[in-house]
Amino acid sequence: MGITKKPKSFNYFLNIMKFLFISCMFFTFSKSEVITVGGENRWTDGFSYVSWAEKLNFTVGDVLVFSYTKGSHNVLDVTRAAYQSCDNSSGVNAKYETGDDHIELNEAKPYWFICTVDSHCRLGMRFGINVSAPVTTFVNQTGDSSARNHINAGRYLLLVGILSMLIFIV
């Protein structure tokens, strides 16, 4: 009864599988979305951004893209008070004016955005969102398609985890 030694190629295979498993976990958990504000309407007057924002879920790491004609609009990240009053004399966290502004949502908190060109804010060019921490579970009972995507991703992770554990045991 001798000790059987695993061939080098098997150890190499195990190392590759470990790397793939860790890579899958990293990319699955760090997934963020790039969201064009207003969708096809982009950032412009005459559109209900409040209604648009209510239909979406925002997570830390997501990026909002404000696309508009430079000079005809702007984007201000403001406090709740500045949002409610459409007054940018105070409470401005950041101002963007490029026409192609990418704003990363890097904290789980409420955000408020307004346009201060002419009367655009008062005419509805503003919205607030609540950004949540990334979802770490795959159980969601709302039944909407985004919930199904989280469940499918969770099942995928579970399957990858089980397969990787089996490989580590061997």
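A salt bridge is a side-chain nitrogen of Lys or Arg within 4 Å of a carboxyl oxygen of Asp or Glu. Side chains of opposite charge can pair when their charged atoms come close. By this rule the protein has one salt bridge. Lys95 pairs with Glu97, with the closest N and O atoms 3.6 Å apart.

This is a predicted model, in which local features need pLDDT of at least 70, side-chain atom pairs count only at pLDDT 80 or more, and totals for chains, interfaces and linings use all residues. Residues are numbered from 1 along each chain as its sequence is written, and side-chain values use heavy atoms, with hydrogens and water left out.

Start with the fold. The protein has four helices and eight strands. Both are DSSP runs numbered from the N terminus: helices are H or I with at least four residues, strands E with at least two. From the N terminus on, the order is α-β-α-β-β-β-α-β-β-β-β-α. Contact means heavy atoms within 4.5 Å. Among contacts between residues at least 6 apart in sequence, 68% join residues at least 24 apart.

Next, the surface. The protein exposes about 11300 Å², and carbon and sulfur atoms supply 57% of it. Areas come from the Shrake-Rupley method with a 1.4 Å probe; for residues, only the protein chains shown count as cover. Buried means under 20% relative accessible area, exposed over 50%, and partly exposed in between. Of the 170 residues, 30% count as buried.

Now the cysteines. A disulfide is a pair of cysteine sulfur atoms within 2.5 Å. The count comes to one. Cys86 and Cys121 form this disulfide, their sulfur atoms 2.0 Å apart. The link is left-handed, with -75 degrees about the S-S bond. It joins distant parts of the chain, 35 residues apart: Cys86 lies in the loop between α3 (80-85) and β5 (92-96), Cys121 in the loop between β7 (110-114) and β8 (126-132). Cys86 is buried at 14% relative accessible area, and Cys121 is buried at 4%. Cys115 is buried, at 0% relative accessibility.

The interior comes next. A nonpolar core is a set of buried Ala, Val, Leu, Ile, Met, Phe, Trp, Tyr and Cys residues joined through side-chain atoms within 4.5 Å. The largest has 21 residues; Trp43, Phe58, Leu64, Phe66, Phe113, Phe127 and Ile129 touch the most other members. Elements giving two or more residues to this core are α2 (49-54), β3 (63-67), β7 and β8. A second, separate core of eight residues includes Leu76, Cys86, Trp112 and Ile114.

Last, the rings. Rings of Phe, Tyr and Trp (its six-membered ring) pair if their centres lie within 6.5 Å; planes under 30 degrees apart count as stacked, over 60 as edge-to-face and the rest as tilted. The whole structure holds eleven aromatic pairs. Phe47 and Tyr49 have ring centres 4.8 Å apart and planes at 70 degrees, so the pair is edge-to-face. Phe47 is partly exposed at 22%, whereas Tyr49 is buried at 0%. Phe66 and Phe113 have ring centres 5.3 Å apart and planes at 55 degrees, so this pair is tilted. Phe66 sits in strand β3 and Phe113 in strand β7, 47 residues apart. Both are buried.

Terms used:
Buried < 20%, exposed > 50% of the residue type's maximum accessible area, 1.4 Å probe, protein only.
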